[in-house]
Amino acid sequence: MKVKVSRKAHFNAAHRLYRPDWSFEKNDAIFGLCNNPNFHGHNYELIVSVTGEIDPETGFVIDVKVLKDLIKSEIEDAFDHKNLNIEVPEFKNLNPTAENIAVVIWDKLRPHIDNSKDLEVVLYETPRNFVTYVGNTL
Ligand SMILES: Nc1nc2c(c(=O)[nH]1)N=C([C@H](O)[C@H](O)COP(=O)(O)OP(=O)(O)OP(=O)(O)O)CN2
Ligand SMILES: [Zn+2]
């Protein structure tokens with residue numbers, strides 16, 4: 001019997017969507033306002049879910065306090081109030097789209113979650129735009 005345990009988190013971050021190997025005009029055509037050279041910000045909402053068997057002794061799939069502390073140390077401390085393009089090494093050569101941010105978050109959390117459990121990351125960039133990543137299942 002598997003159960004999914006979820007923890008919500010939040011961070012504010014600035015970014016710019018662009019490719020340095022494209023002209024400003026092409027970046028503008030593809031990324032629009034998100035190509036603002038002066039950056040812009042989002043209030044990101046994050047939902048991290050761990051799915052697995054319930055430990056019969058504790059009744060936990062994962063202690064949510066452990067999950068909370070992990071999200072804080074690995075994600076919030078690294079991303080909150082940061083310029084993703086400039087201050088977060090993972091995006092030095094990676095466009096900080098919601099898709100790429102979700103994959104980076106998953107990759108940072110995965111090593112800390114027991115292999116027997118599944119990990120899912122849902123990232124809201126705006127209240128209506130969100131992406132989901134469950135790992136490379138191919
Ligand atoms: N597939 C993606 N498309 C877009 C992304 C992305 O990360 N993945 N990102 C952006 C912009 O960075 C940003 O999300 C757009 O913000 P905004 O213009 O505020 O979005 P909306 O107009 O849709 O705002 P709502 O409040 O959600 O209506 C663009 N595309
Ligand atoms: Zn944006």
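Visitor: Let's start with a bit of orientation: in which loop is cysteine 34 found?
Guide: What you see is a predicted model, where local features need pLDDT of at least 70, side-chain atom pairs count only at pLDDT 80 or more, and totals for chains, interfaces and linings use all residues. Residues are numbered from 1 along each chain as its sequence is written, while chains are lettered from A and ligands numbered from 1 in the order in which they are written. Helices (DSSP runs of H or I, at least four residues) and strands (DSSP runs of E, at least two) are numbered from the N terminus. With those labels, cysteine 34 is in the loop between helix H1 (24-31) and E2.

Visitor: Why does cysteine 34 count as partly exposed?
Guide: We count C-beta atoms, placed from the backbone: a residue is buried if 20 or more others lie within 10 Å of its own, exposed if 12 or fewer, and partly exposed in between. Cysteine 34 counts as partly exposed because its number of C-beta neighbours inside 10 Å is 19.

Visitor: Which residues does UniProt list under "active site"?
Guide: This comes from an unreviewed entry. UniProt positions are given in the numbering used here, feature names are shortened, and annotations may be inferred rather than shown by experiment. The entry's "active site" covers Cys34, His81 and Glu125.

Visitor: What does glutamate 125 touch, not counting residues up to four places away in sequence?
Guide: Glutamate 125 lies in the loop between strand E4 (118-124) and strand E5 (130-133), and it counts as buried because it has 21 C-beta neighbours inside 10 Å. Contact here means that the C-beta atoms of two residues, placed from the backbone, lie within 7 Å. Skipping residues up to four places away in sequence, glutamate 125 touches His42, Tyr44, Ala98 and Phe130.

Visitor: What is the largest C-alpha distance in the "binding site" cluster?
Guide: UniProt's unreviewed entry lists His15, His40 and His42 for "binding site". These residues are spread over 28 residues of sequence, yet they cluster in space, with a largest C-alpha distance of 8.2 Å.

Visitor: Which residues is histidine 42 in contact with, leaving aside neighbours within four places in sequence?
Guide: Histidine 42 lies in strand E2, and it counts as buried because it has 20 C-beta neighbours inside 10 Å. Leaving out neighbours within four places in sequence, the contacts of histidine 42 are Ala13, Glu125 and Thr126.

Visitor: Which residues surround ligand 1?
Guide: A residue makes the list if its C-beta atom, placed from the backbone, lies within 6 Å of the molecule. Sorted by class, this shell has four nonpolar, three polar and three charged residues; Ala, Val, Leu, Ile, Met, Phe, Trp, Tyr, Cys and Pro count as nonpolar, Asp, Glu, Lys and Arg as charged, and the others, Gly among them, as polar. By name, ligand 1 is surrounded by Leu17, Cys34, Thr97, Ala98, Glu99, Glu125, Thr126, Pro127, Arg128 and Asn129.

Visitor: Which are the edge strands of the sheet?
Guide: Two strands pair if DSSP finds at least two bridges between them. The open sheet has five strands in the order E3-E1-E2-E4-E5, with mixed pairing. The edge strands each pair on one side only, and they are E3 and E5.

Visitor: How many bridges pair E2 and E4?
Guide: Sheet strands pair through backbone hydrogen bonds, either parallel or antiparallel. As a landmark, valine 50 stands opposite leucine 119 in E4. E2 and E4 pair in the antiparallel sense, and the number of bridges is seven.

Visitor: Where does helix H2 bend?
Guide: The bend at a residue is the angle between axes fitted to the seven residues ending there and the seven starting there. The buried residues of H2 are Leu67, Ile71, Ile75 and Phe79. Helix H2 (residues 64-79) bends by about 40°, and the place is lysine 72.

Visitor: What share of the protein's residues is buried?
Guide: The protein has four helices and five strands, running β-α-β-α-β-α-α-β-β from the N terminus on. Out of its 138 residues, the buried share is 20%.
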